[in-house]
Amino acid sequence: MESIFHEKQEGSLCAQHCLNNLLQGEYFSPVELSSIAHQLDEEERMRMAEGGVTSEDYRTFLQQPSGNMDDSGFFSIQVISNALKVWGLELILFNSPEYQRLRIDPINERSFICNYKEHWFTVRKLGKQWFNLNSLLTGPELISDTYLALFLAQLQQEGYSIFVVKGDLPDCEADQLLQMIKVQQMHRPKLIGEELAQLKEQSVLKADLERVLEAADGSGMLDEDEDDLQRALAISRQEVDIEDEEADLRRAIQLSMQGSSRSMSQDSPQTPHTNLTSEELRKRREAYFEKQQQQQQEVDRPRQLSYPCERPTTSSGGRGNNQGDGVSEEDILRAAVTMSLETAKDNLKAERKK
């Protein structure tokens, strides 16, 4: 297939591609075909001038654009036919009634030129196989002998004009090579437009895939952020629980102190606390602790109460001085809680005995 010459479509130069694919080489250029078209225009002008240069038909002819070429690069059948005459080749309309009456099998021909809506392409036999050399295809398309007649009939049904190329085509490398071997085509060529559309679609799909992957990476990052947030919330809840436990402990100490205060008030004269100084309150607490210690020792001799420090046994004044040095307010509070709990246990035991 690589040895087959195949010009792909450029602009509207399908007539040039058709001729070169037919002849299997770069035989014609747009300049050469334009020269043939200008020559045909001049011949037509001269024929029109024979009726008089002042006639209405002649003036109308001069105002009309060329019928053999246009600015897009299209060339008429007359240009193609004149170009092939240089090589001794002739075009015969395949789907004309005259040719159809000859009942010639298409596989016995050598090549065809097809035209539809200003597009030209070649179907040619190279070696022993037929190929569609349409310049709109990405490469030559293999056509079997059994499919050739059906292919041409389909083109006729679609409105194509088909011309049989009569004469000896110039020798070419592809024709000589394919006389000895046959080729197989695993994948048929696509139209150039379809290939571009497919490439564009693939590009769009690739871009979509990249966006999906980026979004997936972003979501992964979001998931990590969410995990960090969940861990932070869990730690926060733990801290709140700890704070709640500490608050409960503080409330228990306060309730215990309230219970101790009520017990102290029952064992001491009813004196408004608001009238007592801090020194008097301290002395009352110490007196209460000593009384509770004596009661507990009588109930359970082996058991010793645990105090933050030993109670001083000096006089009241000495006790006050040593208290400020050895026993803190926090130690007193802890001892009060312990004593309150022990008192509650003793009261519960007494109730059960009753």
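A polar contact is a pair of N or O atoms within 3.5 Å; within protein, one must be able to donate a hydrogen and the other to accept it, and residues adjacent in sequence count only if both atoms are side-chain atoms. This is a predicted model: local features need pLDDT of at least 70, side-chain atom pairs count only at pLDDT 80 or more, and totals for chains, interfaces and linings use all residues. Residues are numbered from 1 along each chain as its sequence is written, and side-chain values use heavy atoms, with hydrogens and water left out.

**View 1. Arginine 124 in strand E3 (residues 119-126).**
Strands (E, at least two residues) and helices (H or I, at least four) are DSSP runs, numbered from the N terminus. A polar atom of the arginine 124 side chain lies 2.6 Å from the backbone oxygen of leucine 22. Arginine 124 is buried but has no salt bridge. Aspartate 175, the nearest side chain of opposite charge, is 4.7 Å away. Buried means under 20% relative accessible area, exposed over 50%, partly exposed in between (1.4 Å probe, protein chains only). A salt bridge is a side-chain nitrogen of Lys or Arg within 4 Å of a carboxyl oxygen of Asp or Glu. Lys and Arg count as positive, Asp and Glu as negative; His and the chain ends are not counted.

**View 2. Glutamine 9, in the segment before H1.**
The side chains of glutamine 9 and serine 135 form a polar contact of 2.6 Å. The glutamine 9 side chain also reaches the backbone oxygen of glycine 11, at 3.0 Å. Leaving aside neighbours within four places in sequence, glutamine 9 is in contact (heavy atoms within 4.5 Å) with Cys14, His17, His119, Ser135, Leu136 and Ile192.

**View 3. The buried residues of helix H4 (residues 77-85).**
They are Val79, Ile80, Ala83 and Leu84. Seen down the axis of H4, they fall within an arc of 130°, so they line one face of the helix. The arc is that of the directions from the helix axis to the C-beta atoms. These buried residues pack against helices H1 (14-23) and H2 (30-49), and against strands E1 (90-93), E2 (111-116) and E3.

**View 4. Residues 303-325, where pLDDT stays under 50.**
pLDDT is the predictor's confidence in each residue, from 0 to 100. For residues 303-325 the model has 30 contacts beyond four places in sequence. Where pLDDT is low, the predicted coordinates should not be read in detail.
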